[in-house]
Amino acid sequence: MSEDKIIDGKAFAAGLRERIGRETARLKAEHDLVPGLAVVLVGENPASQVYVRNKARQTAEAGMRSFEHKLPPETGQDELLALIDKLNNDPKVNGILVQLPLPDQISEQAVIDAIDPDKDVDGFHILNVGRLSTGATGASAPLIPCTPLGCIMLLKDRLGSLSGLNAVVIGRSNIVGKPMAQLLIRESCTVTVAHSRTRDLPAVARGADILVAAVGRPAMIKADWIKPGATVIDVGINRVPVEGEDGKTRIVGDVDTQAALEVAGAITPVPGGVGPMTIAVLLANTLTAACRQKGIEPPEL
Ligand code: NAD
């Protein structure tokens with residue numbers, strides 16, 4: 001029974017990448033357009049290096065062009081801004097992603113502000129944030145942050161319409177919590193955003209038909225925080241030591257998954273839930289951005 005409760009993000013992401021691959025091939029055949037994604041990495045953060053490598057591989061596998069820019073840790077802000085300016089003006093580059101975090105000498109805000117909003121496939125530019133929050137559509141539609149957009153895709157795939165459901169998002173970051181809340185409002189949910197100062201968080205969480213955890217605390221959300229039958233989306237990625245195995249670690253989410261399975265209607269596992277969606281949606285955003293830049297209607301994915 002608990003098998004049916006698992007929302008298989010890995011399988012959904014594979015299907016999405018396949019659809020993106022088909023649409024990319026069609027764009028090339030019909031419009032001679034090959035979407036290009038530039039990924040910029042400053043420094044040698046090991047987790048970031050893995051992400052960047054995976055992004056480049058999956059971009060190429062989808063039939064898109066991948067441009068990798070690896071800069072040394074001591075790179076100055078002006079140097080990075082000059083690269084972004086070059087990428088903004090390069091017609092082969094349709095999407096630009098600067099891997100965060102950046103070294104201390106560089107202002108993340110200055111970098112995000114410098115990216116052409118039409119190429120901002122992370123959806124972090126203030127124009128895209130504003131377009132999302134005002135519900136802009138058509139030619140003004142926003143590029144939407146990848147992780148929360150991936151969560152919405154999984155939710156709609158599982159539940160169909162989300163209209164009228166009570167959603168609680170735990171976490172209020174610009175990367176996950178806030179855009180997640182905006183997307184749930186857009187789906188006509190009644191949305192509560194909880195965070196580190198929320199009073200009686202378990203009681204708030206128990207009101208949720210949809211519970212999204214984006215905190216970064218291993219197994220913080222217990223079974224008795226979950227309303228029976230609720231759909232739980234676990235965004236957390238936490239590395240914890242494996243008991244009894246010296247030096248070994250594993251990845252867990254923000255939810256105590258095994259216990260939660262007894263109560264929840266459906267849940268995303270960690271790993272294999274939200275994680276694989278992020279890069280797949282990045283490719284979808286690159287395809288969308290490329291189409292919009294050429295005045296082509298982006299495909300429904
Ligand atoms: P963040 O640190 O920017 O934000 C965490 C949020 O949690 C904050 O808004 C804070 O108010 C809230 N919080 C902290 N302690 C709390 C507590 N005790 N009770 C309630 N709220 C609390 O983190 P983020 O960038 O939003 O990421 C959150 C988690 O999601 C991390 O584990 C991160 O690794 C993961 N993440 C996963 C993906 C993915 O692809 N799956 C993408 C981005 C982030």
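## Burial and overall form

A residue is called buried when its relative accessible area is under 20%, exposed when it is over 50%, and partly exposed in between, with a 1.4 Å probe and protein chains only. By this criterion, 48% of the 301 residues of the chain count as buried. The structure is a predicted model, in which local features need pLDDT of at least 70, side-chain atom pairs count only at pLDDT 80 or more, and totals for chains, interfaces and linings use all residues. Residues are numbered from 1 along each chain as its sequence is written, and side-chain values use heavy atoms, with hydrogens and water left out.

The chain contains eleven helices and ten strands; these are DSSP runs numbered from the N terminus, helices being H or I of at least four residues and strands E of at least two. Its radius of gyration is 19 Å, close to the 19 Å that the globule rule gives for 301 residues, so the chain is as compact as a globular protein of that length. The radius is taken over C-alpha atoms, and the rule is 2.2 Å times the number of residues to the power 0.38. The C-alpha trace spans about 50 × 45 × 30 Å along its principal axes.

## Surface and contacts

Contact means heavy atoms within 4.5 Å. Among contacts between residues at least 6 apart in sequence, 68% join residues at least 24 apart.

## Two domains

The domain assignment gives domain 1 (28–136) and domain 2 (146–276), with bounds that come from an automatic or database domain assignment. The centres of the two domains, taken over C-alpha atoms, are separated by 27 Å. Six residues from domain 1 and seven residues from domain 2 take part in the contact.

Helix α8 covers residues 177–186, and its buried residues are G177, P179, M180, A181, L183 and L184. The elements that cover these buried residues include the helices α6 (126–134) and α7 (146–159), together with the strands β4 (166–170), β5 (190–194) and β6 (210–213).

S188 lies in the loop between α8 and β5. Its phi is near 65 degrees, a positive value in a residue other than glycine. S188 is partly exposed, with a relative accessible area of 42%.

## Further backbone features

Most residues other than glycine have a negative phi, and most peptide bonds are trans. D200, in the loop between β5 and α9 (201–206), has a positive phi near 45 degrees. This aspartate is exposed, with a relative accessible area of 52%.

One joins L100 and P101, with omega about 0 degrees, and P101 is found in the loop between β3 (95–98) and α5 (108–114). The other runs from V270 to P271, with omega near 0 degrees; P271 is found in the loop between β10 (266–267) and α11 (275–293).

## The loop at P72

P72 is placed in the loop between β2 (65–71) and α4 (77–88). This proline is partly exposed, with a relative accessible area of 36%. Leaving aside neighbours within four places in sequence, P72 is in contact with V42 and G43. The C-alpha atoms of P72 and G216, 144 residues apart along the chain, are separated by 28 Å.
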